[in-house]
Amino acid sequence: MNMKAPWPFAATLIAVLLLAACTDRDDNGPDGRPPGAGPGRVITAPLGKTVPCRLTLSGNRAEPGQVVQVDGIPSSFVRPGMRVIAREGSSEVIGSAFFEAPASGQPSRFSVPPRPARPLEGGPVMIEIGDGRQRCEAVPLEIGALPDAEPALAGRVVDKLAEWLELQVRLLGGDPDALLTAERDTIDPGLLPFAVNLRLLGSETRPGWLRQQVAQAIASGDRVIPGVMAAADLEGELDRAIAELRALPLPPAAAPAEAAVPTKNALCEGERLTPNPPPINSAAELSRRMLAAGKGGLYQSNALGQFLGTVGIAASEEAGSGANAFGAGGVSVGANALGAQLYVLKTTEAARQALEPRRIESFDVRRADTLLVEDRPANQPGRWENASVIAVGEEFNVNEAALDGLITTVGMVPGPVGAIVGVGSTAFANPISAALKELTKDGCTRINAPRYGPIDVSDEDWTRSEITGDAVTRIDHRTYRGAAIGGAELKIILRGEKFGVLGSGYSKALAIAVNPQVLSLLPSSVRLSAPGQTASIGATIANSEAGPNGPVNIARRILTLGDHQLRGARINGDLLEVDVQTSAKREDFPLRIEFKPMNPVLPGGPARERIAVIDIGGELKLTRQGSACLLPDSEVEFSVSLAGFGASELGVDLQLSGGTLVSHADNQATQRIVVRAGQAGTLTLRATSRADRNASDEISLSVLRSCLRKIHYSAGLFEADGVGIESDGSASCPPYSEVEPQSTRQEVNEADIVLPPAIPADNLLWFERSERITADFITDVTVRQDDGNGNCASARLSGSSKGESLTYAREDGTLGLRLQADISGSCRFDEVFGGCTKNQAAGVINTLSYFEVSEDTPVRIEGELRCAGLSGLVMMTPFSGIASRYENGVTPYIPTDPVNESLIRKPDGSGRVPVLWVAECKSADQVIPFSETVIFKAPRRVGGKDLIVISVSGSAQVLATGKPATVPISDPAQIPTPATGSYRSTADVEFRVKLAPQ
């Protein structure tokens, strides 16, 4: 709008149309209704009970449309409105006006309407302000006169309105002439509101209702409505808007309309149609369309919003029933015609803006080199590409309910007047309603927001790039190279001003890593059995631009004096193999050889060279044969393996404590050693090569008074979704695909579980053993599925599952579990998606320990449960130990006297329950130790031998699907309902217990 016009035409029309609607009459109307029985009646009464006020206006005289500031409105007033009261003889003629929505802390303002009576002359009025419950005393204001204008102005305005409307249709790829008479099912859904307005206007040869109304206004000689148009320069505003629209290039014709969707109900949840606006194929076209979306518009100020809110009240049936609206012999039919014109202006502009791209829905960069290596050639810099946006319009309601928007429009505070009077009684509502029903099949029709894209915006005209960090140097808009070892952030930012969006909220940040070359030697050390032998060393470079099939550029040199020689090199893929002929002199060893990559390097990296060592001398490995526990005076077998020694260098010296040597097969490459254990304690055996005292090995074993047999039936789990795109296979999305989950597990087959009193075979028992699982899983899943409107919606879920689960048993009776986990994940819940990543970890200890008693047998129990850094969602079951007895190793023990008889006691002789311990963490960081000696009494049957079974159990589970109020939790009912967001859970839980029969 031209804000330099004499005054905003919207504010003036507010008042003029209110004059037509809100006149207080002294006589009954022609239809026999009592005065004020229609909508205009609501403002004949004062706006509440008078209360003390200090009301002041910013001036005592104003022209129609001028903004007046009001001070002194009591803060107790809720959404106040106003009456504009003009006295004509003994009568009052009452109009209205609306406040602008005030900015925070700013005073109230309103646009001055024409005088309710005799607007062509102007004169004094009283301004009354109230909220329907209370009001201030009215204050005076002198309102200037409307300019005099010829009635023909209204005809020119409607002709230009028709031209403006036709241009809007052509800019959307439509044909206004065809649209005027088209059948409903042949109309593109997006053009339905334009078809309604074209029917209202008609053409010069086929006038619609609106042209007919304007013709009647001209014929009646109405001068108030032309006066409003002239003062507001409505004709000039249309000329400006038309000129803007003519300057825009016309797009190609839109695609054929889709068939209409059958109506489901009449509550605005029925028809939802997809428009077919002209496609957008380039960033330049998107920029032009988004920047041009506001061109040719007429509603760009709050004053216009006020005007739109008033029109429904102004052009009411009561106003058209013969009222002396302007104090000059009856209301002009132009009031209703002008109200309909305003409806056409508003809905046309709103519909076009909804169909044009209005906002950027998403911005993404599809490909970028995020990992650079330091020897990347300068003529092959890193590069990003395929930056794209998806732009969307807005949903639009093509229904009678659109009329309600004329009352409560942005920028207007309707107060008690606008809140009570609706638009159902407007004279122009019926023809608009008829046109709507004709084209929407009497239902509620919503036009889905159009989508445009993805549209490539990679060029520098549309995006800019910047790099943070010294590791990467920007070459130009799309390319960059490594400058130092380390990391940097590459940020691609959409140039919002090119698309009419403010700020830099649309950007994509990418982490760029510059990695050093890593030289590896295979092997890095070699032990020869004698001088003069030939050894082979392999070298390869990881993180090299050369890759597995590129040139291997590795220098090598001997650093040690002596008669050593490098023989020919062999290249196999990215592996360089070098033969080394060593010196025949023992004093020339150890031999050191340097390998160094000759590719380009960057500052800030670690040393790239590696040293290979070749030495003479062999290796000695001492191992225990068998896995049963060691009792006093029993034999245990060891094995010594020698490698790298000559035939005359196989001698081994033994050092033994806690036992006696039974036999030793010396001077062999593999030697058998048998040892008899002494008393309870520790047996230690050390073997050392006589030829090379540096080659030695040692084993220490526990010698136990009684053998604690034990078996683990434990479980461990790390699980995470995978990486990739998962699609539901709908017509709008890619073919069906499912991302493969990632997991590592420690599992027990239920068929392999041996239940007491049976005891597993010795080869299944755990004496000295451990099982470990580790995970380092990354989740990055893009889920795609139909949004219910034929569009493929996309959601990204990410997370990780990292950690370790260790279950172990020691010969001394120790049992343990440790779970370290760092789990993250995300959830998305909305009208389309509903779910979370399945990232979790778990550790379960379930152990059975067996020993026999034939006399009173003390058992020492020592252990602890440690919880550290529990956060997020950590579920735990108590860690406990429960003892069971099987008489004669077969029959479950049942006490004869349950009250007094107990075959498990405390050292002081008192009875003891068979629950030996229960440990449960109650906070995020806690250590719970326990220590006790219990006595398992001799069997009831003299000379018998009973089997004692101690069951050890407990578990910890770590998930990332929500965050409870406290950690840990033990009741699954306490798990919170997942919600959209990202979550992280951590835990370090360790349980150990040592059972030592005495």
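A: Let us begin with a helix: in α8, Ala283, Glu285, Leu286, Ser287, Arg289, Met290 and Ala292 are buried, where buried means under 20% relative accessible area, exposed over 50% and partly exposed in between (1.4 Å probe, protein chains only). The model is predicted, so local features need pLDDT of at least 70 and side-chain atom pairs count only at pLDDT 80 or more, while totals for chains, interfaces and linings use all residues. Residues are numbered from 1 along each chain as its sequence is written, and side-chain values use heavy atoms, with hydrogens and water left out.

Q: Why is helix α8 described as largely enclosed by the rest of the structure?
A: Helices (H or I, at least four residues) and strands (E, at least two) are DSSP runs, numbered from the N terminus. Helix α8 covers residues 283-292, and because seven of its ten residues are buried, it is largely enclosed by the rest of the structure. Across the protein chain, which has twelve helices and 56 strands, 50% of the 998 residues count as buried.

Q: Where in the protein chain is confidence lowest, and where is it highest?
A: The guide is pLDDT, the predictor's confidence in each residue, from 0 to 100. The mean for the protein chain is 79, and 82% of its residues reach 70 or more. Confidence is lowest in helix α1 (residues 9-21), at a mean of 30, and highest in strand β35 (residues 652-657), at 95. Over residues 301-333 the pLDDT is below 50, although this stretch has 127 contacts in the model beyond near neighbours in sequence, a contact being heavy atoms within 4.5 Å.

Q: How should I read a pair of aromatic rings?
A: Such a pair is described by the distance of the centres and the angle of the planes. Rings of Phe, Tyr and Trp (its six-membered ring) pair if their centres lie within 6.5 Å, and planes under 30 degrees apart count as stacked, over 60 as edge-to-face and the rest as tilted. By this rule the count comes to six aromatic pairs. The rings of Trp462 and Phe499 have centres 5.7 Å apart and planes at 45°, so this pair is tilted, and both Trp462 and Phe499 are buried. For Trp917 and Phe930, the centres are 5.3 Å apart and the planes at 10°, so the pair is stacked. Trp917 lies in strand β53 and Phe930 in strand β54 (residues 926-936), so the pair ties together parts that are 13 residues apart in sequence.

Q: Which residues form one aromatic cluster with Trp917 and Phe930?
A: Phe879 and Phe991 belong to that cluster, together with Trp917 and Phe930.
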